[in-house]
Amino acid sequence: MLLILMDVWDSVRGFMATGGDILWLVAAVLFLMWVLMLERFWYVSWVAPKEHKGIIDQWNNREDSTSWYAHRIREAWMSQAKQDMNARMLMIKTLVAICPMIGLLGTVTGMIAVFDVMAVHGTSNARMMAAGISMATMPTMAGMVAALSGVFFSTRLDAKMKISLEKLKDSLPHH
């Protein structure tokens, strides 16, 4: 088992070295994005239903559910539930959006490395230029893959949140 983990780590290190230092930045942003998305998924799947049940129980135990005051309380509870549900979603969407930009930063730094090789050694050293081209393409690919995974999952998370809030709203009838 340890041997397999060491092989995997060597493969990851080799990939990261091929793509340059920018890949570590892409990896850090990707890690943070996924930690936040998994936390939100956990919240929406397990914590929010319990909180929503508490809100519904409070509403059903109210004697007054028809007055103007009762409707404002209902709106405040719905607003708080929505705010709690959407916590950290802006950060997640921002991280998704910057992944391709970080990848493009890797493209620029990789192309600078190619131009440095061309300036020093000319165009005859294809092997040295290939390293720079790899540094230019790998971060772009990694940034795009990271963004695509984030777009897919955050869209699914948004839909799950909207469904949960609609269920809460439907469970709080206003007469």
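This is a predicted model: local features need pLDDT of at least 70, side-chain atom pairs count only at pLDDT 80 or more; totals for chains, interfaces and linings use all residues.
Q: Why is R40 called buried?
A: Its relative accessible area is 1%. Buried means under 20%. R40 therefore counts as buried.

Q: Where does R40 sit?
A: R40 lies in helix α2, which spans residues 22–61.

Q: What makes the pairing of R40 with E39 a polar contact?
A: The two side chains come to 2.9 Å. The cut-off for N or O atoms is 3.5 Å. The contact runs from side chain to side chain.

Q: Which backbone oxygen does the side chain of R40 reach?
A: That of M85, at 3.1 Å. Beyond four places in sequence, R40 is also in contact with residues including D84, N86, L157 and M161.

Q: What does M85 touch, leaving out residues up to four places away in sequence?
A: M85 touches R40, Y43, V44, A48, H52, M161, S164 and L165.

Q: Why are α2 and α5 called roughly parallel?
A: Helix α5 covers residues 126–171, and the two helices pack at an angle of about 10°, with axes 10 Å apart. Angles under 35 degrees count as roughly parallel. The pair therefore qualifies. The residues of this contact divide into 20 nonpolar, eight polar and two charged.

Notes:
Residues are numbered from 1 along each chain as its sequence is written. Side-chain values use heavy atoms; hydrogens and water are left out. Helices (H or I, at least four residues) and strands (E, at least two) are DSSP runs, numbered from the N terminus. Buried means under 20% relative accessible area, exposed over 50%, partly exposed in between (1.4 Å probe, protein chains only). A polar contact is a pair of N or O atoms within 3.5 Å; within protein, one must be able to donate a hydrogen and the other to accept it, and residues adjacent in sequence count only if both atoms are side-chain atoms. Contact means heavy atoms within 4.5 Å. Axes are lines fitted to C-alpha atoms, for helices over the stretch in contact, and angles run from 0 to 180 degrees between N-to-C directions. Angles under 35 degrees count as roughly parallel, over 145 as roughly antiparallel, 65 to 115 as roughly perpendicular and the rest as oblique. Ala, Val, Leu, Ile, Met, Phe, Trp, Tyr, Cys and Pro count as nonpolar, Asp, Glu, Lys and Arg as charged, and the others, Gly among them, as polar.
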